[in-house]
Each structure stands twice: as structure tokens, then as C-alpha cells.
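Subject: Structure for your files

Hello,

Here is the structure I said I would pass on. My notes on the sheet and the pockets follow it.

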Amino acid sequence: MENMERSKAFFINGGAGRVICSVPAFELYEQESTDKDFIIVCEGGTELFKGHPTLDQRTYDIWHKNLFKDQLVNRNIVSLEPYRIWEYYNQKCSLSQAFDIEINNKGIRDLPKPTLQLSKHELLLGRQLTSEIKKTLNKQKIIVVQPFGRGIEHIDGSFVDSTSRSIEYADLKSLIKKLQDKHFAVVLMSEMKLDTSTFGCKDDIAQPENLNLRQWAAVIKQSNHFFGCDSLGQHLAYAVKCPTTVVIGSTFPINVSYPNEKTFNILDLGEFQREYSPIRITMDERIDRKHETIMAMTPEIQDYTINAILGKKQK
């Protein structure tokens, strides 16, 4: 009984996309649970809780001084792993809903958007940066493009994603040229700077450096559209209510994106050939090899993608 009454320390790891997807579940736990002294320990992405009206004060970095002695020793530690929730790996729920099932044990239910409260300074920085890009490139529309997922590697001059979540490099070049033809200023959101001189584009491509995740969220908020893959950017776009187009291949839209969100266009390249890859449960190299070409686009798919971004109705 004593063990049952102890407050909890929820540990969350993985990419920042997982962190922001956990926010609605923690908000509901705070509202519905009798555990009023719980804490959250982030092994990365802590800044996404910054400024939250209630969760910020509960959140600790893994390296916080005296964390164990001061905060953990008298709490029950709960290690969160939404990928091991039955409803998730059977394509019944989203990542946010899997967190909710794991944390609140209430089954599948509709959830609010994650609360991402940007400061005035962050919002002004986003406005300033997007205004400068428009002026420099002489464009009125901005699109933020995040082409790569976390699995991307740069090997011998080529970009390879063994998880098949990233947009193919050759397709990226072609898509950016087509976006510029539609009068978009293109802003690349990438951890690695790309040599865009090889793209053959008529206009420059903006690649802001040294932006943190919250600043990227502010830039996305001030943009006309976000275009990306199964990665963090789409979750930031969802939180700040930016119209979004997402290309998905090896993962399932219901798990990793927002297929019921009116502001989202999802182009599912893997719909008829994909198998679930049991990430964080077991390793299955056969599935990854099967998906190796799943994100490749034909010129017709590229045009379909551009029209989706432009909001044109298509058959």
C-alpha cells in the first residue's frame, strides 16, 4: 500500500517529437490523478516543456544536480515506452494516445493539441527571421521544409535513412525547384547544412543556423506552410497550427501523424506495401530492407505533392 501511494517520476526518452506528443497525456494526468506531486524527467527535449503553465515546474533534465537524492529516491520511477503499447503497434492509436494509455490508463480517447507556449521574444524572432527571408528572396510566401528523419546518415556524399522515413535526396532537389516555381521562399529545417549549390535552383534556399527547437516552432508558426516527413517538424506545426503536408512511407499515419486534422495533408507512399517495423520492441532487418525504396517518388507523385501543398483538389 505504501508503494501505491508514492508519487511518480515519469522518465521520457527518444526524440523531441516523442516529448511534445507526451504533453496532452501529462496535462490530463495532472487534471485527473490524485498524484499532485509527480515529476517528469527528460532525457532530451526538455525545452519543449519550457513556458508551459504547469508542467514546466515539474520537469527536470536527466543531469539536474542532485536529481536522485532530492527528487527520485522517494518516488516510483515509471519508464515510458509508447511503442510497446498494444494499441500503438496494432495501428489503433497515435503516439499521443499511446502516451495517454500508458500514463492515464483510460483507453483510446480524443486529445487536445500539445500546449507549446512560445515567449514574446521567440515569436518576435520568428517574425523577424521570416520577414528577412521574404525580403532577401523577394517572395511573399514561406514554406519550411524538413526533409530528413532522425535515421538520416551522410555517407560518402550520399544521404541514407535505414528507417525509410526521410524524403529521398533526388526528390528533395526536384520538389524544392517546383516549390520555388510556385513562388515559395524555401526554408530548410535540417540538422546538417546541405550544399544547395548542386540543386540547380534559380533562387537561394534559406538555411537558418543555430536555432533551437522553440525558435524553429516560432518560424513555422510565421510560415505559410510546413512540408516534411515523419519527424519533429510536423508535431511542431500541429502545435502551432501551421498548414502541413507530410510524406510518409515506412510508418503508419495513424501512429505518427494526424490523419484526422483538417490542416494536414498526408501523402502515404507506403499504404499498399508497408509492414509495421517493431521499433523499440525488437529488431527486424528484413522489414527495413523491404522498405528501402518506399519513399521514392515519380514525377507524377511530386506534382501531386506540390498540388497538395497549394491546396488544389485532386482525384
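Two strands count as paired if DSSP finds at least two bridges between them. In this predicted model, strand β10 (residues 244-248) and β11 pair in the parallel sense over five bridges. Within that pair, I248 stands opposite D268 of β11.

Both strands belong to an open sheet of five, ordered β8-β5-β9-β10-β11, with parallel pairing. At its edges are β8 (184-188) and β11 (264-268), each of which pairs on one side only. From one strand to the next the twist averages 20°. Helix α7 (residues 169-181) lies across β5 (141-146), β8 and β9 (225-228), and its direction is at about 145° to β8.

Helix α2 provides the largest share, three residues. By class, the lining of the largest pocket has 20 nonpolar, 19 polar and 11 charged residues.

The second largest pocket has about 390 Å³ of space. It is lined by 18 residues, with S94, Q97, Y238, Y258 and N260 closest to its centre. That lining divides into eight nonpolar, five polar and five charged residues.

Regards

Notes:
Residues numbered from 1 in each chain as written. Predicted model: local features only at pLDDT ≥ 70, side-chain atom pairs only at ≥ 80, totals over all residues. Heavy atoms only, no water. Helix = DSSP H or I, 4+ residues; strand = E, 2+ residues; numbered from the N terminus. Nonpolar A, V, L, I, M, F, W, Y, C, P; charged D, E, K, R; others polar. 1 Å grid on protein atoms, 1.4 Å probe; cavity = no way out; pocket = protein on both sides within 12 Å on 5 of 7 lines; lining within 4 Å. Points joined across faces, edges and corners; volume = space filled by probe spheres on them. Axes fitted to C-alpha atoms, helices over the stretch in contact; angles between N-to-C directions. Contact = heavy atoms within 4.5 Å.
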